[in-house]
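The structure is shown below.

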Amino acid sequence: MMGPNHIAFICDGNSRWASLSSNQYQNQGGYEQSTFWGHSQGGSRCISLIKHLVANRPDVKYVTMYGFSSENWSRSPNEIRDIWRVMEQTASSFHNLAIENGIRVKILGELHDERIPSTLRSILNKIEVDTSTLGRKGLSEEREPLTLCLAINYGGRNDIANATRKIAELVSRGEMSPEDVNVDTLSGLLSTSGIPDPDLVIRTGGEKRISNFLIWDCAYSELYFTDVLWPDFDEEELDLAVSWYENRDDVSVGGVPMAV
């Protein structure tokens, strides 16, 4: 069976990992670890898995990572601050890696939200612009580069609502007829426009739901759930997930179910 073209990650379990690590260290006479430590380890895990995919899975051409959902604003102010700090550090570190390996970065979600620190917004906008014309190093022009989509302040329902609002505006201005509205119309107005649907969605941390992540795009995705917390989801765990996908009997390719 062919491997996945697009893998999407719900990177869950950073806070619980920090809590478990804190309990372990306290039992050993160490210091309590904050959620910052868990999110920091999660950020490092993102980079290590991207490196692994670039080096070992050239068939994977799209990766989407759920960095911060629109529902995450309900978390404590301290944890949100930790998340932004980690994102800023991780994005700064990833910038050179992306340039060197020809990785394109695309931001999904409402990055214009002023609650997001301006420094982080600037870094993310810069990395998106700087990588927009890159191709994967060493590949012919016929081969697509790896595209990394970062879902930040993203919610699937919001994405659909925003696309629907755009359609309503077009219809109200007489630029589109209601009869012309179809699935392709809405898909083309989502923030994921131009990105193929995920073949494989991986959620770490034990929960078995997609939590408003790419809910339009995941209609035919294979869903892989694991109890492993995100900071512990290493290259071996990723290979296990991909092997699980490759050995499925009924797998869809590009959102279209294969005949059985």
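## Helix 4 and its cover

In this predicted model, helix 4 spans residues 118-130 and has 13 residues; the distance from its first C-alpha to its last is 18 Å, close to the 18 Å expected at 1.5 Å a residue. Its buried residues are Leu 120, Arg 121, Leu 124 and Ile 127. These residues lie on the same side of helix 4, because they cover an arc of only 135° around the axis.

The cover over the buried residues of helix 4 includes helix 3 (77-101), strand 3 (104-108) and strand 4 (147-154).

## The chain as a whole

The protein chain contains seven helices and eight strands. Of its 260 residues, 46% count as buried. The chain exposes about 13,200 Å², and carbon and sulfur atoms supply 49% of that area.

Contacts in the chain also reach across the sequence: among those between residues at least 6 apart, 75% join residues at least 24 apart.

Six strands form an open sheet with parallel pairing, in the order 3-4-2-1-5-6. At its edges are strand 3 and strand 6 (222-225), each of which pairs on one side only. From one strand to the next, the twist averages 20°. Helix 4 packs on this sheet and touches strand 3 and strand 4, and the direction of helix 4 makes about 135° with that of strand 3.

## Strand 1 and its two partners

Strand 1 (residues 6-10) pairs with strand 5 (residues 200-203) in the parallel sense over four bridges. Within this pairing, Ile 7 has Leu 200 of strand 5 as its bridge partner. Strand 1 also pairs in the parallel sense with strand 2 (residues 62-69), over five bridges. Here the bridge partner of Ala 8 is Thr 64 in strand 2.

Is strand 1 mostly covered or mostly open? Strand 1 is mostly covered, with five of its five residues buried. In a regular strand, side chains alternate between the two faces of the sheet. His 6, Ala 8 and Ile 10 point one way from strand 1, whereas Ile 7 and Phe 9 point the other way, and all are buried.

Most residues other than glycine have a negative phi. Which phi does Ser 211 have? Although Ser 211 is not a glycine, its phi is positive, at about 50°. Ser 211 is placed in the loop between strand 5 and strand 6. With a relative accessible area of 28%, Ser 211 is partly exposed.

Asn 212, likewise in the loop between strand 5 and strand 6, has a positive phi near 65° and is a residue other than glycine. Is Asn 212 buried or exposed? Asn 212 counts as buried, because its relative accessibility is 13% and the cut-off for buried is under 20%.

Notes: Residues are numbered from 1 along each chain as its sequence is written. This is a predicted model: local features need pLDDT of at least 70, side-chain atom pairs count only at pLDDT 80 or more; totals for chains, interfaces and linings use all residues. Side-chain values use heavy atoms; hydrogens and water are left out. Helices (H or I, at least four residues) and strands (E, at least two) are DSSP runs, numbered from the N terminus. The expected span of a helix is 1.5 Å times one less than its number of residues. Buried means under 20% relative accessible area, exposed over 50%, partly exposed in between (1.4 Å probe, protein chains only). The arc is that of the directions from the helix axis to the C-beta atoms. Contact means heavy atoms within 4.5 Å. Accessible areas come from the Shrake-Rupley method with a 1.4 Å probe; for residues, only the protein chains shown count as cover. Two strands pair if DSSP finds at least two bridges between them. Axes are lines fitted to C-alpha atoms, for helices over the stretch in contact, and angles run from 0 to 180 degrees between N-to-C directions.
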